[in-house]
Amino acid sequence: MTAGWLVRPRWLSLRRGLRNRPAQGAVVAVLVGAFWLGLFLAVLRLLDWVDGLGGLGAVLAERMLALVLVALLLMLLVSATITALGVFYLAEDLTILRAAPVPLRRLHRARFLETLMASSWMVLVVQAPLLAAYGVHFGGGLAFGLGVLASIVPFLVVPVALGVLLATGLVLLVPARGARDGLAIASAIGLALLVVTVRLLAPERVAHPSGLVGIAAYLADTGAPASPWLPSTWASEVLVAALGLRAGDAGFHAAVLASTALVLFLVSATVVEAVYPLAWTRAQIGRSRGGDRDRWAWRALRSLTALLPGQRAVVLSKDLVVFLRDPAQWSQLVLVGLLVAVYVYNFVALPLHGADPVARTVRKLATVLNLGLATFVATAVAVRFVYPLPSLEGRAWWIVRTAPVALAEVWAAKFWTGFLPLSVLTLGLAGTTNELLGTPRLLSVAVSPVLVALVAAVVSLGLAFGAHYADLDGRDAGRLATGPGAILYMLTAVVLIAVVVTVTAGSVDALLAPGRGDEPGATLVARGLVAAGLGGGIVVAGGVTVVARRFGLRALARLAG
Amino acid sequence: MIRCERLTMRFGDVVAVDRLDLEIAEGTIFGFLGRNGAGKTTTIRLLVGLLVPTSGTALLAGHDIRRTPEAAKAVTGYVPDRPYLYDRLTGYEHLEFVAGLYGLQGREARSRARQLLDELGLGAQAGDLVETYSHGMKQRLALAGALIHRPPILVLDEPMVGLDPESARDLRRRLRALAAAGTTVFLSTHSLAVAEEIADRIGIVDRGRLVAAGTLRELQAYEGGPGASLEDVFLAILAREAV
């Protein structure tokens, strides 16, 4: 029995999944292809622009490559550790493999390969178009191709080997499920800090009118050259030399990278072989958290929802308690916090506050677009919290389906779970950013009903898509939020937001211009036009809410528990 | 109390349940037997409204599961073959949640939840998350959920699987007591001994069709002869159907 035989079940499942659902595979392929093309063109354009900066162009391109590789290395390390915990210690099929006469070395090889594939495909999705753009821009040719081949595999193996070692150490110290939950939250916080740091570095300063001053300041802020001990530096050195950006010893760095990867792989194999039986045994110890200390949440929610009609109170309480007790959801909350912080910060950092005509135009545009952008943030939150709600019923869905509860009640509970917090978030975001823009208060008040209607439509769409693409076995909300159904939901919501913004843009523009619409001197016709525009937006959003609800209720009825 | 009228379920070309006609009187324990894949679980999932039949219908205490599903569900308690529950609720919260789904509120729901948890030997673990429960404990909690609203009809799919001998014996006694008090029990099981011990009437399903139904004596008269064990009768009926 080879390691390849051990990964065969996964491979067969994947192949069967693609065969049974070719449309889904095609959607994913198209979306990944579009992402690759978009990223490739964007990086190519960025490199063209950097070239125009004179002698610093090559330095900046090299620095950008090094920064991206460091970020990818860190992401890979965290992702590989979380994946390794699941693949090596929590997967259900391990019971069969542990009972079979499978040598631990082969088990390690098979599971290492699985961890490598599962944790690095996202990185490859980003890395491939990025490196292709560098190759095309700098005319890398065969040497660059060889450099990529020599660096990419060991670059992926190093963090995966470290991740396996870290996971094994963690399992020996704490229960595996707790470790994975903790890591998921820690990685979300890490990612949030990384994005906030990049945002605070304000990349737009590179485009400062003083040119070199902006670049110099930016380079100074991004810190010292990368450490010679980091694998990302070795990979970067190989690629930079292969591109001919700077003279360097590509062969030496490629050898260092490859030998490090090999040594770490062997170390992880040896450690796993030595401690796996003990570590796996420890991983079987579940969390035995007593519920009494959490009981307050259930009690409080039951009291708060006591006045709601029908059974929606009890469904709402259950949904919220399950949410509060799911650490995976907490890591999502961190990402949402980050999204909101960056959104608000943009209004402080971007050049919107000058008195010059350009700033005025940008400010006006920002006010119009803010209607859509705030709702887009709500959609980004909804895809993580509302879209997964039907799937999160999981295999326990039979309990609700066999109870005398109308699906409309279940729908209502889930709708209000998403609608209330998202309405508050959206109105808060739009209000805060409108204040930062100096938008007239009347406008903020006037567009509020449109925003609320739009949030209702976004939530209704989220539940409809979530029910249609529900996966009752998929308990991880984070993974559900990146599936094909979630992407289609996002695209549909973006189209809806664009339509509503277009319908209401005239009214917002009129309210921004003194004397038109809101002033005492405004004509009835002008006021009517403003009201019609806003009303049109509400009607469109309301229509989508109703249609999505019908569509979603049918999808829920098809969901067998 | 339970009536199936030409109940049929097709999955594409496969007929999982084939024109099932059945009538079960109040206070009866009906044992539903068949090979793996014979259509037992599909029949049960149709009865409790988890699946919509291709044709035909079922009436539970006079309520049509297709036309008035909520009324039919309100009079039914159900335990599935695999008791998937909400892992992140405690046992007590789970029962209070289920009670709420069936319209029980406040003090009544709380006291009924406590009573059932104690009766089913889960009182000490009432505050623990369900994810920490063993299979047998989850099975008992699912049974508590099915009983919480005192339903006149109980539908159980392989309820003995995963129970320790003591719990299995308690369940058999409980089912007999419930039936004596008027509850109708529809029970699918692979254990012929269990069916023989507690079922008043037995139905045998093969490839989606009900091939025999009656008391053990009636089935013996049909196949196997007087004194034949249920196992002999069951195998003889299936062998005849296979010809």
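The dialogue below goes through sheets, helix pairs, domains and a chain contact in a predicted model.

Me: What should I know about the numbering and the confidence limits before I start?

Reply: Residues are numbered from 1 along each chain as its sequence is written, while chains are lettered from A and ligands numbered from 1 in the order in which they are written. The model is predicted, and local features need pLDDT of at least 70, side-chain atom pairs count only at pLDDT 80 or more, and totals for chains, interfaces and linings use all residues.

Me: Which strands pair with S4(B)?

Reply: Strand S1 (residues 2-11) of chain B pairs with strand S4 (residues 55-60) of chain B in the antiparallel sense over five bridges, and Cys4(B) has Ala58(B) in S4(B) as its bridge partner. Strand S5 (residues 63-64) of chain B also runs antiparallel to S4(B), with two bridges, and here Leu60(B) is partnered by His63(B). The hairpin of S4(B) and S5(B) has two residues between the strands, and in it Ala61(B) takes a positive phi near 50°.

Me: How are two packed helices described?

Reply: Two packed helices are described by the angle between their axes and the distance between the axes. Axes are lines fitted to C-alpha atoms, for helices over the stretch in contact, and angles run from 0 to 180 degrees between N-to-C directions. In chain A, the axes of helix H7 (residues 141-173) and helix H11 (residues 250-283) come within 7 Å and cross at roughly 25°. That angle makes H7(A) roughly parallel to H11(A), given that angles under 35 degrees count as roughly parallel, over 145 as roughly antiparallel, 65 to 115 as roughly perpendicular and the rest as oblique. In chain B, the axes of helix H3 (residues 91-101) and helix H4 (residues 106-119) come within 9 Å and cross at roughly 130°, which makes H3(B) oblique to H4(B).

Me: How is chain B divided into domains, and how many residues are in contact between them?

Reply: Domain bounds come from an automatic or database domain assignment, and chain B is divided into domain 1 (2-75 + 152-242) and domain 2 (85-150). Their C-alpha centres lie 26 Å apart. Two residues are in contact if their C-beta atoms, placed from the backbone, lie within 7 Å, and seven residues of domain 1 of chain B are in contact with seven residues of domain 2 of chain B.

Me: How many residues does each chain give to the contact of chain A with chain B?

Reply: Chain A gives 29 residues and chain B gives 27 residues. On the side of chain A, the elements that give two or more residues are helix H12 (295-304), helix H13 (312-324) and helix H17 (397-401).

Notes:
Helices (H or I, at least four residues) and strands (E, at least two) are DSSP runs, numbered from the N terminus. Two strands pair if DSSP finds at least two bridges between them.
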